[in-house]
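Subject: A structure for you to look at

Hello,

Here is the structure I promised to send you. Have a look at it first, and then read on for what turned up in it.

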Amino acid sequence: LFMVRMRGAVGLLAAVVLALVTLSSTEKVLEAEMKSLTAASNALIPAIEALMPKTEDLASNTAELGKMWRLVRNQKEAVEMAYRELSTNFSMTVRKSVNVATIDPQEQTQLSSVFFSGEPHFVQCISPSDPLHRAFIEAAPKLTKQGITPAALDCSAPLPSGKTTFDRFFSTKNISSSEPFFFAVANRDAPRTAQIKNPLSPESLIKFAALSTESYVTADATPAEFKTHCVKKKLCAVFLYPGDFPKKDLKAIEEINKKYRKLSFLTANSKKLTPSFKDIMGPDTGGMSVVFLRQSDGTDRPLPTAGAKPVPYWEGKAWVGDKFTGDKISAWIEDAVTGYLPLKSIKTTPQLIDLNAKARETSQRAPPPPGGFTPPPLETGGYQKHPKERDTSHYAENLRYHTDRAAQEEEERLQKEARYAKRNQKKSSSSSSSKDKDQGTGKREGGGFKTKAKVSKEEQAEAKRAAERKRREEMEKEKRKADGIEFLGEDGGEGDQEPDADGYYHYDAVEVDEDEQEL
C-alpha cells in the first residue's frame, strides 16, 4: 500500500513540473508578443497624433458643405419665387396694357359678375404667372370695343365651394394642358367653350366671342320657350301684342336688351297665348302690354315658424296703355330692375297658356260610352283623367293609316281575284274549244267567241264601299274611346284582360309613340 501511494505522488509531481515548464515557455512567447505590440503601438501613436488635425479639418469642412447646400437650396427657392413673381408681374402688366381683367377665383363678387350678371365676357383659363396667348392679346382691344370684357381666370384653382371652374362648369370637357382653353358667357346662359388648336388667329377668337355673346329676343315665344327663358332664369320681361309684333318695336326691344343683359326678353302673341298672371295686369286696351317678372328668394318675408326655410315666390309689374316708345320702356325697366317700382305678388308660377290647343284637345273628346265613367271637371276648368286613362292623341292618325292600308289591300285582293278568274276562264275556254274540235263541230258552244271574264266597275265600287263602311265603323269605335277609356264592348267590361300592378290594362293593338317611351 505504501508503494502504491509513493508511485501516485511521484506521478503527480511529474505532472506539476511539466505544467510549470509549459507555462514558462508560454509566458516567454507572450512576453515576446507584448514587446512587439508595444513597439507597434509606439510607432502608431505619432501617426494618429498627426491624423487628428486632419480629421478636425474634415469635420469642419463637412459642416461648411452642409451650410453651402442649405444656402443653395434656399437660393433656389428664392430664385423660383422671384421668377414666379417676375412672371406674374410681367403677365399682369401685359394684361393691364390690353385691358384684360384678372378674376380672383376666391372672390365671389368677381365670379358672379362673370357667370351670373348677363354681361358678355370672353375668358382664357390660365394661371396668373403664365403669359396670355398671343392671339388673345391682339384680340383683347377689339373685344373691348365690341362691348365684350376680356378676362383671365385660373380655372384649376379652387372656388369658394371647393370645386374648380373646370369641375363646376366644364366637367364633361376633355381639358388639355398643351392647348389654350377659352370660353364665352353672356345673357346668364351656360358658358360656351372654344378649345381651339394651334394655330389660331385673333379674328377667329373675335368671331367666336361675338357670336357666343350676342344678345337675343325670343320672338313669338311658345309656352315651352317661356318656361325655358323666363321661368328657369327667374327674371324676364314679356312683351304681349295682339297679333304679329311690329318690326320697328322689335328693333327697339333688341336695343333695350343690350342694356339689360341680366333680363330675358320675350315677345308673345296675346291672341294665341293667354298669360296666367292677368291679375297683375290692368284692363286690356287692345295694345301692347309689358310685364316684368321676377322670382324672389323669399328672404324678405317673415318665416311662418322658427327654423323654417324661406319660400321663393314670384312677383311682377305690368306696363299697359301708353304709347310704346323705346325710351319709355327702357326707363320703366330700369326702375323695375333697381327696385324703384313696387311689385305685386303672383299666386302661382307664371306661364303662357295656349287656349287654341286646349280647345282642340277638348273638341277631340267625345261623350263616354253608355255606362262609362264621366270624369268631373276640375276647379280650374280642366279635365280629370280616368284612373285607367292613357294618352290617345295618336289613335286618329293610326286609324287613318290602318284604314287606308286596309282599303289598299282590299283593292289589291279584288284585282288579284279578277286576274285569277280571268286565267280560269281562259283555261275553261281552251278546254271547251278542244272538246268541240274533238267532236268535229269546229264551233264553240253558242256560236261566236266567248268574251273574257272581267270584274265590273260596279263590283269594284261595291268593294270600295265595303272598305269605307269598315273604316267608318272603326272610326265610330275610336270615337267612343277618344276620352282615353278603352271600350271593348257594349257592356263596358274589360273582357279577359287582367290589370297590371298599377291597375292599367294593356292591349297589343295600341301603339305607343316615342315620347311616351322616353317618359
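**A buried asparagine**

Asn 187 has a relative accessibility of 7%, so it counts as buried, the cut-off being under 20%. Please keep in mind as you read that this is a predicted model.

Once you have found Asn 187, check its backbone: phi is near 60 degrees, which is a positive value in a residue other than glycine. Next, look at the side chain of Asn 187, which makes a polar contact of 3.0 Å with the side chain of Arg 261. If you set aside neighbours within four places in sequence, Asn 187 is in contact with Gly 118, Thr 213, Glu 214, Ser 215, Tyr 216, Lys 233 and Arg 261.

**A cavity beside it**

How many cavities of 30 Å³ or more does the model have? The count comes to 1. The largest cavity has a volume of about 60 Å³. Asn 187 is part of its lining, and so are Tyr 216, Lys 233 and Arg 261. The rest of the lining of the largest cavity is made up of Thr 218, His 229, Asn 257, Leu 263, Ser 264 and Phe 265. Sorted by kind, the lining residues are 3 nonpolar, 5 polar and 2 charged.

**Another positive phi**

Lys 234 is also worth a click. With phi near 70 degrees, Lys 234 has a positive value in a residue other than glycine. You will find Lys 234 in the loop between helix 6 (223-231) and strand 7 (235-241). Is Lys 234 buried, exposed or partly exposed? Its relative accessible area is 42%, so Lys 234 is partly exposed.

Now turn to helix 3, residues 134-145. Which of its residues are buried? They are Ala 135, Phe 136, Ala 139, Ala 140 and Leu 143. These residues cover an arc of only 140 degrees around the axis, and therefore sit on the same side of helix 3.

After helix 3 comes Gly 147, with a positive phi near 85 degrees.

**The chain as a whole**

The chain has 519 residues, and 29% of them count as buried. Among contacts with a separation of 6 or more, 70% are between residues 24 or more positions apart.

Ala 331 lies in helix 8 (residues 326-338), and at 40% relative accessibility it counts as partly exposed.

Enjoy exploring!

Key
Residues are numbered from 1 along each chain as its sequence is written. This is a predicted model: local features need pLDDT of at least 70, side-chain atom pairs count only at pLDDT 80 or more; totals for chains, interfaces and linings use all residues. Side-chain values use heavy atoms; hydrogens and water are left out. Buried means under 20% relative accessible area, exposed over 50%, partly exposed in between (1.4 Å probe, protein chains only). A polar contact is a pair of N or O atoms within 3.5 Å; within protein, one must be able to donate a hydrogen and the other to accept it, and residues adjacent in sequence count only if both atoms are side-chain atoms. Contact means heavy atoms within 4.5 Å. On a 1 Å grid over the protein atoms alone, a cavity is a set of points where a 1.4 Å probe fits but cannot get out, and a pocket is an open set with protein on both sides within 12 Å along at least five of seven lines; lining residues have an atom within 4 Å of a point. Grid points are joined across faces, edges and corners, and a volume is the space filled by probe spheres set on the points. Ala, Val, Leu, Ile, Met, Phe, Trp, Tyr, Cys and Pro count as nonpolar, Asp, Glu, Lys and Arg as charged, and the others, Gly among them, as polar. Helices (H or I, at least four residues) and strands (E, at least two) are DSSP runs, numbered from the N terminus. The arc is that of the directions from the helix axis to the C-beta atoms.
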